[in-house]
Amino acid sequence: QRVINHVFDKNTSFIKVDHLFDEHVKSGVHPYRVAIRNGRNRPVTWTIRFDTNSSIYDYDSSYSLTVEAGGEVTEELLVPSPPTKGHRYSNYRNIQIQVTSPGIDSSNGSLNGSMEPDWPSIVMSRDLAKNNLSRLASKREESGGGQNFFASTFNNLPANWKGMTCVDVLMLADSDWRALNKQQQRAIMTWVKFGGRIDLFTSETEPTFESLGFDKPDNQAKGGGSYSLGTISINHWNGQDLQDSLVARYQKIVQADTSYDKDFERGWGLIAKLGVKDFNPALVFVLLVIFAILVGPVNLFHFAKAGQRHRLFITTPIIALSASIIIIGIILLQDGMGGSGRRIAFIDVQSNPDQRHLQILQHQLSRTGVMLRSGFSNEDTPVITPVKIPASRWNPLQNGGDTSNHLFAGANYDGEWFRSRSEQGFHIRSVKPSRSRIERRQPSAADSPPSLFSSMEFELSEFHYIDENGAVWRAAPTSTIPSGQEIALEKSDPVTLEKWLAKKSDGFAETERTKILRLLDQRQHYFATAPKPASLMVATHRSIDWVDDVALVSGIAVEP
């Protein structure tokens, strides 16, 4: 959807801003494509600002692009968009876009609309939409599913996985997938492995993932396969009409916005581990009463009694300043500087030759004391989404009807991320380059354990492995496995592994925890923990004291 199209300098210069999807996609990162031609005889720097108001959040993002004299530039911008659910203006979002440059008139655009709370964020190719979009939208409206809307469409897809995080379901024809370049395909597969879903439609009579241009799935079932935490389903179609039953299918999908709104508010394991902190206003109340007595009758009849009223100009400020210092001291003693929190991360090790990296899914919950700065920096620019946590005295967003302003500028995350004396929960995703892998040097033979070798870049502990036959093995429970070492395995059983994984993953919210537990169905899959988890975590605020980090490591053992 084109948002801005500004032509100037007698048609020798222009700036165009396109949303790769449209206003209906929900929270995550929205992909925009900016095209600029500079017809002037000097370099021109453009600033593009995005102001997104949604529910209780206000996101402000800014980007700068410099175009040389006579040059033309096309850039893909990744613009964070907040969750659309909240206690006010539920599901409404307003996006204001402003483009400015010195000596050139500014350009403005907007995207506005109400998000549908009970319908996932679906994006489909124009080839699929051609004969089906209007009919499926009408079918959904007839079934009582809301307004006449089914999916957003696209001409092109982002080349970065972050630009897909605003999508729950991607609908593609097999020809659409093959038409994508390698960078786009890698980006989409990274998104899938974080939990995304592709519904692929093909007219092939006996399609396989390999014939459709995909790698072999980690686990394959009739009509689909799983890739880490996500899935790809293969659907037969005649090249023209999609089935009306898709409406009922997508109605059942757990969408990301629903997860951010409900999964973390109750039943989230980190809440119990962080504990409850009582707020005791009695001491402050007593101090205020004493202050009122001192600044009133004591001050008036003792410090500045009749005939000495001029002393009020000295005694009153001294009493007020002293009371303020005492109250600040009490707050510092009670709450301290910085804060404390709990983190748990799922480290998904990708070892394929064209995708060697760690995919990090992290949930964290923290409680702050006095914060000198609420923002932070991270050069990896992870995708960080605030989640709805239980209402309490420490949660101003859910308890008092407050709003939160978050600012994005490159690696800087400024604004109200970590307010003083508050609680905050975040859902975080990040990708880090890595050559880590577990090598499968020899398969299992009879009752003999398989031969595995660690080429990880960090130590492992509590190692478990499901071999190609479904048998379960584990390293000695107290052993630590350094990099560059053969992994000594002993026989275990599926029940022991399931109980262990359920316990280790109990700090995740329900949706992600369910996906992690499904990995137990995969073969040649390993699970472990990192005994030094802090180095694998996505860093946020340095003033938070993170206690008992848990890094759950998972991946497929590969041939050397």
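The largest cavity holds about 160 Å³ of space. Keep in mind that this is a predicted model. In total the structure has five cavities of 30 Å³ or more.

What lines the largest cavity? There are 18 lining residues, and Leu397, Ser404, Trp417, Glu423 and Gln424 are the ones nearest its centre. Helix H10 (396-399), strand S20 (404-409) and strand S22 (423-433) are the elements that each give two or more residues to this lining. S22 gives the most, with four residues. By class, the lining has eight nonpolar, seven polar and three charged residues.

The second largest cavity holds about 90 Å³. Its lining includes His24, Val25 and Lys26, and also Trp119, Pro120, Ser121 and Ile122. Phe149 and Ser152 belong to that lining too.

Now the cores. In soluble globular proteins, nonpolar side chains tend to be buried together. Here the largest nonpolar core has 42 residues. Ile438, Leu460, Phe463, Tyr526 and Val553 have the most contacts inside it. Among the elements giving two or more residues to this core are strands S16 (339-352), S17 (355-368), S25 (460-466) and S32 (550-556). S22, from the cavity lining, is another of them.

Which residues does Val553 touch, leaving aside those up to four places away in sequence? They are Ile347, Val349, Met456, Phe458, Leu460, Tyr526, Phe527, Ala528, Thr529 and Ala530.

Finally, a second, separate core has 28 residues, including Trp268, Leu361, Val387 and Val472.

Conventions. Residues numbered from 1 in each chain as written. Predicted model: local features only at pLDDT ≥ 70, side-chain atom pairs only at ≥ 80, totals over all residues. Heavy atoms only, no water. 1 Å grid on protein atoms, 1.4 Å probe; cavity = no way out; pocket = protein on both sides within 12 Å on 5 of 7 lines; lining within 4 Å. Points joined across faces, edges and corners; volume = space filled by probe spheres on them. Nonpolar A, V, L, I, M, F, W, Y, C, P; charged D, E, K, R; others polar. Core = buried A, V, L, I, M, F, W, Y, C linked by side-chain atoms within 4.5 Å. Buried < 20%, exposed > 50% of the residue type's maximum accessible area, 1.4 Å probe, protein only. Contact = heavy atoms within 4.5 Å.
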